Amino acid sequence: MRSQLNALRFAVRSAIGFRRGPPTLLQEPKQDLFDYLEVGPRKGAERRETELRRRYELEPLLALSTRFDYRDNVYWLDALERLLGDRTLGQTDATSAFRVVDVGSKNFNYAFALERFFRNRVGPGRALALVGIELDGHVIYRDWRSRCDYAEAYARQTENPGVVYRVADFAALKGETFDVATLLFPFVTEAALVRWGLPLRFFEPKRLLAKAIEVTPKGYLFVFSQTEAERDALVELVAEFGVEVSTSVAIAGRLVHYHEDASERFGTLLRVH
């Protein structure tokens with residue numbers, strides 16, 4: 001019954017394609033950013049935030065963001081660093097843009113982290129293009145703006161014109177290639193997809209991963225899973241494509257207030273040959 005309701009709601013909002021334009025993003029004070037932690041862990045989180053803020057020049061985000069969004073971006077920078085480690089991302093060819101696709105971008109509130117991380121890793125002098133793709137981009141929020149309205153605002157906040165957001169089915173993408181694909185919690189179980197509000201016909205994890213591999217020849221996939229079981233299901237799926245698992249690490253951390261709900265998360269780095 002729920003999957004049928006999802007299908008009806010998805011069809012309606014996709015047909016309407018509601019947009020009002022990007023909102024003005026809110027700013028909240030950042031004092032005591034980790035006040036949900038005890039003193040010891042809080043000091044550790046503060047040190048890590050300071051380190052990441054300096055390395056990735058997060059002051060513009062610090063100045064104009066909610067506490068939730070800022071912590072979320074810091075968390076994802078930490079997770080990306082831990083997953084990639086000291087590996088390189090290939091040749092730094094300054095004559096062409098380094099291209100990243102983010103699959104299932106939701107409202108793209110973490111676009112700043114992705115843009116800063118990959119721009120830092122490809123080095124100066126090379127352009128960075130970041131494409132966020134979300135199938136269900138017309139969900140309407142309480143302020144009567146849509147998911148894609150917010151995504152456009154977050155993309156603009158990076159001040160990189162190469163950061164864009166599309167409402168589209170990534171699995172149907174044609175004619176594009178990328179150096180890296182990031183997948184934050186791809187649906188490898190039906191239950192997760194239904195909870196997110198999508199019709200069951202979009203539960204095609206093998207097709208999704210096959211497309212991610214296809215569009216990143218000789219590149220990397222950064223895949224994040226909610227649980228170890230989801231990570232194991234992912235590894236089993238990609239094994240059919242002969243993709244190398246470079247590493248898999250736990251990315252539980254206390255940089256977000258919902259850290260207890262994120263305690264089982266894993267990041268998996270896949271190398272496409």
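Biologist: Which helix is arginine 207 in?
Modeller: Arginine 207 sits in helix H8; helices are DSSP runs of H or I, at least four residues, and strands are runs of E, at least two, numbered from the N terminus. This is a predicted model, where local features need pLDDT of at least 70, side-chain atom pairs count only at pLDDT 80 or more, and totals for chains, interfaces and linings use all residues. Residues are numbered from 1 along each chain as its sequence is written, and side-chain values use heavy atoms, with hydrogens and water left out.
Biologist: What is arginine 207 in contact with, leaving aside neighbours within four places in sequence?
Modeller: Asp169, Ala171 and Ala172, where contact means heavy atoms within 4.5 Å.
Biologist: Switching to H9. Which residues are buried there?
Modeller: Glu230, Arg231, Leu234, Leu237 and Val238 are the buried residues of H9. They fall within an arc of 125° seen down the axis, so they line one face of the helix; the arc is that of the directions from the helix axis to the C-beta atoms.
Biologist: And which are exposed on the other side of H9?
Modeller: Ala229, Glu236 and Ala239.
Biologist: What do the buried residues of H9 pack against?
Modeller: Helix H8 (205-214), and strands S5 (220-225), S6 (244-250) and S7 (266-271).
Biologist: Last one: where is leucine 8?
Modeller: In helix H1, residues 2-16. Leucine 8 counts as exposed because its relative accessibility is 53%.

Key:
Buried < 20%, exposed > 50% of the residue type's maximum accessible area, 1.4 Å probe, protein only.
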